[in-house]
Amino acid sequence: MAIPNTRNTFKEHCLMRLGKPVIDINVDPDQVEDRIDEALQFFNQYHYDGTERVYLKHLITAADVTRGKANDTAVTATDIDGSTTADWVEQKNWIPVPQNISAVVKVFPITDSNFSNIFDTKYQLRLNDLYNFTNTSIVHYQMTMMHLDFLDHILVGETPIRFNQHQNRLYLDADWGSHFTEGEYIIIEAFRNLDESTYVDIWNDIHLKKYCTALIKKQWGANLIKFNGITMLGGVTLNGEQLFNDATDELNKLEEEIQLAYELPPMFALG
């Protein structure tokens, strides 16, 4: 069989690994599709080849600024004896992000320190200290830039961010009235799940093929468990429990291997 490069050829590849067409695989087509989706979800979540590092930019709109300065619906809290209440509100300081974004690592600093003019410190350093790279040391320049970056970090700070992939929202905890202006861009560093319809080579990944095959095998065993021990025509005896247990062991080994050897460090993908 040819190398799988579509969802259908991938499905046929997994079924053939289980014995099709020599053996009748007692799994409904909808169950197979569900197991493929489950395998892709696991692959995107735990295998570094299932995601890609991207840099995305977003143009701040008037609607973004208006929403960022507004408050969400107030929630009233009551103490244990019910005699005291307090209203709590959360600012709507978020921007929607694409659903295939699994993690946001950072938002590039929102500052005007990169804008150069004749009165800018960086401009003056480059003008006076780096006019000739052939006989000028850049060590002093590098140390000065590091010191300026440290001062910017201490005095200005970075914009705190919060992100959860199930919300599809990037929270920017800043003063939206002064930090964000309509027509400006923000740039984020993020991880995005690979689109299997675009990057078709994902269907030929050895771990994805093994994992999906084991999932279908487990489903096959689960379907046959209730017929366990029944003798079919020709004297064949079904043993769904054995299929189920074998597939479970295979999945456990694969999950351990992928998470230990191919998963990115958890803190690496946290913003």
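The questions and answers below go through a predicted model.

Colleague: How many disulfides does the structure hold?

Modeller: A disulfide needs two cysteine sulfur atoms within 2.5 Å. The cysteine sulfur closest to that of Cys14 belongs to Cys212, and at 4.0 Å it is too far for a bond. Cys212 is likewise in no disulfide. The count by this rule is zero.

Colleague: Is Cys14 buried or exposed?

Modeller: Buried stands for a relative accessible area under 20%. Cys212, whose sulfur is 4.0 Å from that of Cys14, has a relative accessibility of 0% and counts as buried. Cys14 also comes out at 0%, so the word for Cys14 is buried.

Colleague: Which strands stand at the edges of the open sheet?

Modeller: The sheet has three strands, paired antiparallel in the order β1-β8-β5. An edge strand here has a single partner, so one of its sides is left without a neighbour in the sheet. Neighbouring strands are turned by 30° against each other on average, direction ignored. The strands at the edges are β1 (51-59) and β5 (101-107).

Colleague: Which residue in β8 is the bridge partner of Lys106?

Modeller: Strands of a sheet pair through backbone hydrogen bonds, in parallel or antiparallel fashion. β5 and β8 (residues 185-193) run antiparallel and are joined by five bridges. In β8, the partner of Lys106 is Glu189.

Colleague: Is the pair of Phe10 and Trp203 stacked, edge-to-face or tilted?

Modeller: This is one of six aromatic pairs in the structure. Planes under 30 degrees apart count as stacked and those over 60 as edge-to-face. The ring centres of Phe10 and Trp203 are 5.0 Å apart and their planes stand at 45°, so the pair is tilted.

Colleague: How many residues apart are Phe10 and Trp203?

Modeller: Both Phe10 and Trp203 are buried. Phe10 belongs to helix α1 (residues 7-17), while Trp203 is in the loop between β8 and α7. The pair therefore links distant parts of the chain, and the separation is 193 residues.

Colleague: What angle lies between the planes of Phe42 and Tyr211?

Modeller: Phe42 is in helix α2 (residues 29-46) and Tyr211 in helix α7, so their pair ties together parts 169 residues apart in sequence. Phe42 is buried at a relative accessible area of 11%, and Tyr211 is buried at 5%. Their rings are 4.5 Å apart centre to centre and count as stacked, with an angle between the planes of 15°.

Colleague: Which residue is linked with Phe42 and Tyr211 into a cluster?

Modeller: Phe42 and Tyr211 form a stacked aromatic pair. Ring pairs join these two and a further residue into a cluster, and that residue is Tyr46.

Colleague: What is the distance from the charged end of Arg169 to the ring centre of Trp94?

Modeller: For a charge to sit over a ring, CZ of Arg has to be within 6 Å of the ring centre. Arg67 lies over the face of Trp94 at 4.7 Å from the centre. The charged end of Arg169 also sits over the ring of Trp94, at a distance of 3.8 Å.

Colleague: Which residues is Gln219 in contact with, leaving aside its neighbours within four places in sequence?

Modeller: Gln219 is placed in helix α7 (residues 206-224). With a relative accessibility of 16%, Gln219 counts as buried. Beyond its sequence neighbours, the contacts of Gln219 are Val27, Gln31 and Arg35.

How values were computed. Residues numbered from 1 in each chain as written. Predicted model: local features only at pLDDT ≥ 70, side-chain atom pairs only at ≥ 80, totals over all residues. Heavy atoms only, no water. Helix = DSSP H or I, 4+ residues; strand = E, 2+ residues; numbered from the N terminus. Buried < 20%, exposed > 50% of the residue type's maximum accessible area, 1.4 Å probe, protein only. Contact = heavy atoms within 4.5 Å. Pairing = 2+ DSSP bridges. Axes fitted to C-alpha atoms, helices over the stretch in contact; angles between N-to-C directions. Phe/Tyr/Trp six-rings, centres within 6.5 Å; stacked < 30°, edge-to-face > 60°. Lys NZ or Arg CZ within 6 Å of the ring centre and 35° of its normal.
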